[in-house]
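Please look at the sequence and the structure before reading on.

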Amino acid sequence: MVYASQKEWIIRNMEDRDAQAITDAEIEQGWSVSAEKYRKRLEDQRSGKAISLVAEYSGKAIGYINVYPNSPWGAFGGKGYPELIDFGVLEKYRNMGVGTFLMDTAEKLASEFADMVYLGVGLHSGYGSAQRMYVKRGYIPDGSGVWYKDQICVPYGVCRNDDDLVLYLSKKL
């Protein structure tokens with residue numbers, strides 16, 4: 001299904017072929033990734049738990065995001081609010097508006113389920129551009145503090161600044 005089109009881009013449902021194509025492109029840009037992450041999102045899409053979106057340019061998947069209409073995870077887990085998960089744009093396609101287009105489409109989809117959307121963003125420097133973008137789009141911290149491995153990290157608790165250390169942000173739609 002195609003959700004939106006603009007310039008030479010379309011936003012559509014992720015397909016099986018995209019999992020390996022995106023993985024290969026991310027490995028090419030130096031990331032250590034596995035197609036398993038995308039296969040899990042596809043499985044969740046098939047079971048109705050998620051809507052997995054891909055930004056496509058000239059027949060090639062260049063970005064992705066997933067909308068979980070009633071996410072079980074994080075600060076608002078199980079409360080009927082959609083969560084945006086695994087947002088990314090291949091490096092050579094950044095700063096062209098693709099990310100904004102993906103986020104606009106994902107937020108529009110999320111608004112069909114609730115008047116608020118949330119997401120978790122990593123805290124290490126690799127997430128710097130995402131952190132700035134979310135703030136510019138109106139996302140604010142939810143007030144629950146930092147989470148580590150899907151649990152609130154208690155004050156002075158042990159955590160590691162890896163991909164599992166996140167801050168949840170929310171936005172009214």
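Two residues are in contact when they have heavy atoms within 4.5 Å of each other. The model discussed here is predicted.

With that cut-off, consider Leu84. Neighbours within four places in sequence are left aside, and Leu84 is then in contact with Ile65, Asn66, Val67, Met103, Ala106, Glu107, Val117, Tyr118, Leu119 and Tyr139.

Leu84 also belongs to the largest nonpolar core, which has 29 residues. Together with Leu53, Met103, Leu119, Tyr134 and Tyr139, Leu84 is among those that touch the most other members. At least two residues of this core come from each of β2, β3, β4, β5, α3, β6 and α4. Helix α3 gives the largest share, 7 residues. Apart from this core lies another one of 8 residues, including Ile22, Leu42, Val54 and Tyr64.

How far does helix α3 reach from its first C-alpha to its last? The span is 18 Å for 13 residues, close to the 18 Å expected at 1.5 Å a residue. Helix α3 is mostly covered, with 10 of its 13 residues buried. Among the buried residues are Val98, Phe101, Leu102, Met103 and Leu109, and also Thr105 and Glu107.

Helix α1 runs over residues 16-28, and its buried residues are Asp18, Ala19, Ile22, Thr23, Ala25 and Glu26. Why are they on the same side of α1? Because they cover an arc of only 165° around the axis. An α-helix has 3.6 residues a turn, so residues three or four places apart point the same way. The face of α1 turned away from the buried side carries the exposed residues Asp16 and Glu28. Just after α1, Gly30 takes a positive phi of about 95°.

The elements below are among those that cover the buried residues of α1.

| Element | Residues |
|---|---|
| β2 | 9-13 |
| α2 | 36-46 |
| β3 | 51-57 |
| β4 | 60-68 |

Is Asp18 buried or exposed? Buried means under 20% relative accessible area. Asp18 has a relative accessible area of 2%, so Asp18 is buried. With neighbours within four places in sequence left aside, Asp18 is in contact with Arg12, Asn13, Val54 and Ala61.

How values were computed: Residues numbered from 1 in each chain as written. Predicted model: local features only at pLDDT ≥ 70, side-chain atom pairs only at ≥ 80, totals over all residues. Heavy atoms only, no water. Buried < 20%, exposed > 50% of the residue type's maximum accessible area, 1.4 Å probe, protein only. Helix = DSSP H or I, 4+ residues; strand = E, 2+ residues; numbered from the N terminus. Arc of directions from axis to C-beta. Expected span 1.5 Å × (residues − 1). Core = buried A, V, L, I, M, F, W, Y, C linked by side-chain atoms within 4.5 Å.
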